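Biologist: I would like to go through the terms used for this model one by one. Please set each value against its definition.

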Amino acid sequence: HWGFAFLLTASIALALVADEGSRLFQWHMLCGLGAASLLILRLISGVAGSRHARFAAFPLSPQAVMRYFRGVVTGTADRYAGHNPGSALAALAMFALVGILVITGLGMGREEMEELHEPVAYALMAVIGLHLAGLIAHTVRHRENIAVSMVTGRKLGHPDQAVVSARPVWGLAFLIVGVAWIVGLFAAHDPRAATTRLPLSGTVLALGERESQGDRHEGDERGHGRGHDED
């Protein structure tokens, strides 16, 4: 979770300050690809992970969602050991938006991809803002530091909601795979060619807009014309 949050924050920050042709922009894309790799691991844990990590445990029935948000307004919202309806909705929204950002980011150079990429990025920032606001509200209301709970694994709740089958070996394996994959992405980065290579598969990805042959031909013609004018 913290790796995903850090990489998303870094990617967004770099996109806001870097020109598309700069090396910092390449790092923006590398951070986005790193976040995408962690997203894949999160999707796996959503199907085969521990009790509260599974998507099936997300309280997303219309009744639960309405009851929760009504409780937020009135100050009577239920406490959840895992995701509450608000954080569950935010998580799914972020997962979907990050997936769209990666696809449109790799498709840079196509007008339709560029037009979609920026508004989706701002939508992601809005969801992140709402998510953080919800965390602050929960912390103030229940006097419970969720950030610490995510590290210690200890959280207030009814005993029948506890995780009884933690999988530390799988957690360690996910950590090793995630770190190794991200390190591989950055190690294979070629700033001059503006590319990186996916670990294991060897697939080369362009980090930035790719100039089409038509654009290069048009540029060559302009340069050739300027040469004649100077002569």
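**Pocket and helix crossing**

Modeller: The second largest pocket has a lining of 27 residues, and those nearest its centre are Ala15, His28, Leu101, His117 and Ala121. The model is predicted, so local features need pLDDT of at least 70 and side-chain atom pairs count only at pLDDT 80 or more, while totals for chains, interfaces and linings use all residues. Residues are numbered from 1 along each chain as its sequence is written, and side-chain values use heavy atoms, with hydrogens and water left out.

Biologist: What makes a residue part of the lining of a pocket?

Modeller: A lining residue has an atom within 4 Å of a point of the pocket, on a 1 Å grid over the protein atoms alone; a pocket is an open set with protein on both sides within 12 Å along at least five of seven lines, whereas a cavity is a set of points where a 1.4 Å probe fits but cannot get out. H5 gives the most to this lining of the second largest pocket, with 7 residues.

Biologist: Why is H1 called oblique to H5?

Modeller: The axes of H1 (residues 2-17) and H5 (residues 111-142) come within 12 Å and cross at roughly 135°. Angles under 35 degrees count as roughly parallel, over 145 as roughly antiparallel, 65 to 115 as roughly perpendicular and the rest as oblique, so H1 is oblique to H5.

Biologist: Which residues make the contact (heavy atoms within 4.5 Å) of H1 with H5?

Modeller: H1 supplies Leu8, Ile12 and Leu16, and H5 supplies Tyr122, Leu124, Met125 and Ile128.

Conventions. Axes fitted to C-alpha atoms, helices over the stretch in contact; angles between N-to-C directions. Helix = DSSP H or I, 4+ residues; strand = E, 2+ residues; numbered from the N terminus. Contact = heavy atoms within 4.5 Å.
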